[in-house]
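Hi,

Here is the structure I said I would pass on.

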Amino acid sequence: MFCPLCGNRISENHKFCYKCGNPSPGDTGCSSKAIPKPHSPDSDDKLKSKGTGSSSTPTFEAFQATKRKERASNFRPKGNTAKRKKNGDDTSGEVAINFGIMFYDGNQLKPQRSANLSVKVPKVSTKDELLATGLAKHKAHSKNLIKDNIKYVLLYPDGSLVDKLRESDERFVLYKYKNEYGKAYQRINFYICPSHDYDEHTLNGLGDLWVESDEGDIEAVNSDTEIVDLACNRKQIRRTSSTVTTADNLSTSLTVSNPVNTAINVTTEQSGACSTVTATPHNLSASLNVSTNPGSTTLEGTTILHHGSTLSTVSNTLDENINSLYESITEMFPQCSPSHARNALLATDNNLEAAVNLIISDQAPSSTTTQEIYASFEFCNDITNDPDFTYNNNPREDETAQHSVADEINSTADNLQLCDLLIQQRNQKLRTDSSLRIKVRRSHVWEDVKVKLNKCSEEDLEQGIRVQYVGEPAVDTGGPKRELFSLLHKHMNDSNSMFAGESNSKCFSNNVIALEQQDYLKYGRLCAMSIIQGAASPSFFASPVVDYILHGCVEKVTISVEDVPNAKVRQKLEELQRTSDPEDFKQLASFNCSMRFKAGYTKPIVTIEDKASLIRYICLHYTLLYSLPHMEQFINGLKLYGLLEVIRQVPEKARVLFQVCEESRLTAEIVDELFEVQFSPEGSNKRQQEEAIAFHFTTLMEDIEIGAIKGQVFDFSTESSTEVVFSLGDILQFVTASPSIPAVGYQPRPVIAFNHLDTGRKLQANTCANKLLLPVNDLLLNYDSFKEEITSCILMSPGFGNV
């Protein structure tokens with residue numbers, strides 16, 4: 001079959017000619033065997049006109065156009081939703097973002113480590129909604145960091161306040177910030193910060209904004225130019241920009257453009273009257289109209305509250321030296337406004353002494369004498385009568401009868417020895433019908449004892465204790481118990497977490513974690529148990545600490561510079577003590593002694609007459625007062641068995657329980673007489689050998705007292721040896737498991753016995769029976785070999801090196 005138009009051969013099932021697009025002859029009734037007419041231009045024109053005019057079948061071009069329209073009508077684009085998702089404008093659903101916590105460490109806002117939590121929030125959340133959601137999440141999972149009675153603000157990662165978007169003045173919305181930030185939601189971090197921490201941080205950048213010309217007109221300066229302080233016409237450096245329009249009449253219009261929110265205090269003086277107006281800028285600009293008296297208008301940069309709690313600073317932080325002087329002024333005068341302190345420094349060319357005098361004269365202009373000026377301020381000059389720092393210092397009149405009874409008890413107690421009082425208290429308070437079992441590891445006694453105490457009530461602790469060490473099958477009849485308390489006291493004397501200072505002169509550390517876990521209460525109870533139950537006492541405290549424990553009030557504390565545990569503070573106090581020139585002391589104590597403000601001594605000018613009181617109060621602060629809650633918790637633990645009541649009846653006699661003093665110092669004579677030697681009958685051959693060994697023991701005690709006996713301890717972990725000097729306490733520890741004589745004495749009395757049967761054995765010590773058994777042989781009959789034998793046995797004992 002041929003196409004009638006172009007003569008091309010086509011198949012019978014084709015409806016169109018694939019060459020020219022003309023309908024096939026089958027559709028138009030043409031015979032498939034028809035012979036095409038000769039092709040001519042005239043015939044082409046006729047066929048074209050005929051096909052376009054009367055045929056109902058469209059051309060191929062028309063067919064293509066129709067199909068294109070059909071496909072276009074059936075095609076459904078993804079629409080604006082996909083574009084919105086791509087552009088980040090989709091506001092439906094929730095997303096996960098991160099909330100951390102920031103605190104002010106004194107220098108900068110610092111994120112709390114390991115405190116970030118992921119929270120799901122709506123994309124349209126505002127800053128207040130984010131803050132509420134983040135607080136709720138952290139309150140559920142970080143109760144130790146988030147408190148209910150504290151106000152919080154929401155911060156960006158750089159520590160700035162979340163108020164508006166970072167790149168515009170638009171109100172903060174989460175999805176808009178995400179578009180601006182350019183990162184995924186899960187990589188967005190916000191921080192919750194206590195409002196007072198943020199306020200303190202922002203206060204470090206206080207500065208001034210405005211200037212006053214010599215003619216009295218208000219004028220503005222560009223960024224980083226010198227400006228003149230309003231109150232004293234002193235030049236400063238300013239880092240922000242402002243524009244001020246002035247007029248000669250009584251109305252002044254001001255427009256401020258500043259990178260941070262500011263407040264402007266405008267003080268006008270007219271006919272002796274003074275008024276203050278505060279203008280708060282909105283966003284980045286503000287307008288203020290004030291009535292002024294030409295030549296008398298003053299403006300000063302201050303700070304304002306933002307969103308109820310947050311302070312925004314007027315300018316960037318000044319240099320370190322000026323900030324240090326400013327902090328000294330604010331510490332001296334807490335009631336002084338920040339702008340007043342800053343202006344006083346600027347008016348005196350940053351001379352601290354002159355600034356102090358200027359503030360004093362401003363605060364008390366009517367005073368004519370120094371005493372009257374000082375009277376206008378409140379200083380912490382004397383704390384001896386402060387009820388917060390005394391123990392029963394101000395008794396009521398209706399307690400007179402109770403005090404008379406107490407005086408009678410004290411007079412009776414003075415006639416008794418401390419040992420007798422403690423034994424009476426033990427017989428009355430200590431339960432002997434049952435015992436409390438404590439199992440510990442020698443290398444972890446404090447941790448293991450705390451685990452046991454956490455499970456015990458106060459009634460359980462009134463029982464006697466029996467101790468067992470892990471891996472040692474010994475039965476406690478006194479020795480393991482005494483050794484446990486010796487290990488505990490040595491751990492506390494060597495520890496730097498709960499106590500501070502030199503060995504045997506310890507003060508309480510300001511350990512808030514130990515205070516919160518009541519570790520001081522636990523150790524106080526353990527000390528009461530050790531004293532009442534016949535073990536070593538904690539005699540390693542400094543003298544002022546012992547004074548407070550025994551008397552309970554600061555006024556009876558005797559203190560010196562040597563008792564201060566902080567080396568830097570002690571060095572500064574020694575410098576104050578050495579200064580005898582009145583002017584040098586005034587300069588040093590008033591303007592170069594910042595530690596006095598921490599001690600609460602805020603007197604602006606310190607003279608040579610204040611020397612003794614200044615040194616005492618600083619010593620009290622760094623020795624006692626800064627850790628007073630820790631001491632009170634420890635003292636509360638001493639109430640177990642009524643021990644606190646007993647020791648406060650005879651405070652001077654009880655001093656040996658907590659302090660190394662002359663009365664408690666061991667001597668060779670005391671130790672030698674402490675032991676009872678069990679000799680054979682007089683005149684026997686055994687007696688002569690026993691007396692020779694007993695004499696060697698006495699000689700050994702005398703050599704130990706002068707420090708002549710030494711030994712080598714091998715450390716297997718480091719494979720090195722250390723030389724040690726033996727003490728008399730090591731002998732007592734080896735025989736009785738207590739390095740000092742207990743306050744209630746030894747029960748039973750320590751003895752030295754001799755073994756004539758098994759002379760080949762080494763010497764033995766039984767800490768439960770307080771017994772030293774010496775074999776009678778040629779080795780011990782020679783002093784040098786006796787000395788070597790007894791020191792080697794002490795070095796190899798389980799407790800040596802731990803106690």
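Cys 6 is partly exposed, as its relative accessibility is 36% (buried means under 20% relative accessible area, exposed over 50%, partly exposed in between, with a 1.4 Å probe and protein chains only). Cys 17, in contrast, comes out as buried, at 3% relative accessibility. Before going on, the ground rules: this is a predicted model, where local features need pLDDT of at least 70, side-chain atom pairs count only at pLDDT 80 or more, and totals for chains, interfaces and linings use all residues. Residues are numbered from 1 along each chain as its sequence is written, and side-chain values use heavy atoms, with hydrogens and water left out.

How many disulfides does the rule give? The count is 0 disulfides, a disulfide being a pair of cysteine sulfur atoms within 2.5 Å. Cys 6 is in none, and its nearest cysteine sulfur belongs to Cys 20, 3.6 Å away. Cys 17 is in none either, with the sulfur of Cys 6 as its nearest, at 3.7 Å.

**Overall picture**

The protein has 30 helices and 27 strands (DSSP runs numbered from the N terminus: helices are H or I with at least four residues, strands are E with at least two). Of its 803 residues, 44% count as buried. For contacts between residues at least 6 apart in sequence, 62% join residues at least 24 apart; contact means heavy atoms within 4.5 Å.

**Rings and charges**

The model has 23 aromatic pairs. The rule takes rings of Phe, Tyr and Trp (its six-membered ring) whose centres lie within 6.5 Å; planes under 30 degrees apart count as stacked, over 60 as edge-to-face and the rest as tilted. Tyr 177 and Tyr 181 are a stacked pair, 5.4 Å centre to centre with 10° between the planes. Both sit in helix H6 (residues 174–181), 4 residues apart, or about one turn of the helix. Tyr 177 is buried at 3% relative accessible area, while Tyr 181 is partly exposed at 34%.

Which residues do ring pairs link into a cluster? They are Trp 446, Phe 499, Phe 508, Tyr 520, Tyr 523, Phe 540, Phe 541 and Phe 634.

The charged end of Arg 166 is over the ring of Tyr 156, 4.1 Å from its centre, and Arg 442 lies over the face of Tyr 469, 4.3 Å from the ring centre.

**A lysine and a sheet**

Setting aside neighbours within four places in sequence, Lys 481 contacts Ile 465, Val 467, Asp 476 and Gln 533.

Lastly, 4 strands make an open sheet with mixed pairing, in the order E22-E25-E27-E26; strands pair if DSSP finds at least two bridges between them. Strands E22 (676–677) and E26 (764–766) are the edges, each pairing on one side only. E26 pairs with E27 (residues 771–775) in the antiparallel sense over 3 bridges, and Asn 766 stands opposite Lys 771 in E27.

Cheers

How values were computed. Lys NZ or Arg CZ within 6 Å of the ring centre and 35° of its normal.
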